Amino acid sequence: MPRHARHVPQPDDPELNLVEVEVGSEPGLYYIPVANLSHSTTWQHLRAFAAQVCEVDYASVYNPTAGFVRVKGYENFRKAFDHLNGGVLHGRAIMAFDGNEKSSIWVKLRPDDYHAKRIAQGKKGRAVLGKT
């Protein structure tokens, strides 16, 4: 089944693409979207918070209060999700979504991200049909 990408301009980063990523078990990469972040939270803060319990591949904050953490492997996914969901960072309880455990989800990626490039090339059964 083809995966789609849309170019969705963001005020803080107009280069982000909305990309559908496969269920985490397919490529071995799990995306954990998070919400309710403090406006002062950066990707570095989010990554460091998740890294307290597991190895983190990537973290992104693309909205003042939303972002995601990407981890490799199911064990890291469970550890990160359990730590993030309800975890308190900068005085705010994080809301995490574990949907990528069993289904594809949409995330915002920079076009120069290694995995975004792989998706665009149709690697690992994932494909991007183009920006709209």
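These legends describe close-up views of a predicted model. Residues are numbered from 1 along each chain as its sequence is written. Local features need pLDDT of at least 70, side-chain atom pairs count only at pLDDT 80 or more, and totals for chains, interfaces and linings use all residues, while side-chain values use heavy atoms, without hydrogens and water.

**View 1. The open sheet has four strands, in the order β4-β5-β3-β8.**
Pairing is antiparallel. Strands here are DSSP E runs of at least two residues, and helices are H or I runs of at least four, numbered from the N terminus. Two strands pair if DSSP finds at least two bridges between them. β4 and β8 each have a single partner strand and stand at the edges, so one side of each lacks a neighbour in the sheet.

**View 2. β4 and β5 form a hairpin.**
Two residues lie between the strands. β4 covers residues 58–63 and is joined to β5 by five bridges. Tyrosine 58 stands opposite arginine 70 of β5. Valine 61 has glycine 67 in β5 as its bridge partner.

**View 3. Helix α2 (residues 74–84) has a buried face.**
Buried means under 20% relative accessible area, exposed over 50%, and partly exposed in between (1.4 Å probe, protein chains only). The buried residues are Asn76, Phe77, Ala80, Phe81, His83 and Leu84. They fall within an arc of 165° seen down the axis of α2, so they line one face of the helix. The arc is that of the directions from the helix axis to the C-beta atoms. Exposed Glu75 and Asp82 sit on the face turned away from the buried side. Glycine 86 follows α2, with a positive phi near 90°.

**View 4. Both helices lie across strands of the sheet.**
α2 lies across β3, β5 and β8, at about 10° to β3. α1 lies across β3, β4 and β5, at about 140° to β4. Axes are lines fitted to C-alpha atoms, for helices over the stretch in contact; angles run from 0 to 180 degrees between N-to-C directions. Contact means heavy atoms within 4.5 Å. The buried residues of α2 pack against β3, α1, β5 and β8.

**View 5. Valine 56 is buried in the loop between α1 and β4.**
Its relative accessible area is 7%. Beyond neighbours within four places in sequence, valine 56 is in contact with Arg47, Ala50, Ala51, Val69, Arg70 and Val71. Its C-alpha atom is separated by 9.3 Å from that of phenylalanine 77, 21 residues apart along the chain.

**View 6. β2 (residues 17–21) and β9 pair antiparallel over five bridges.**
Glutamate 20 stands opposite tryptophan 106 in β9. Four of the five residues of β9 (105–109) are buried.
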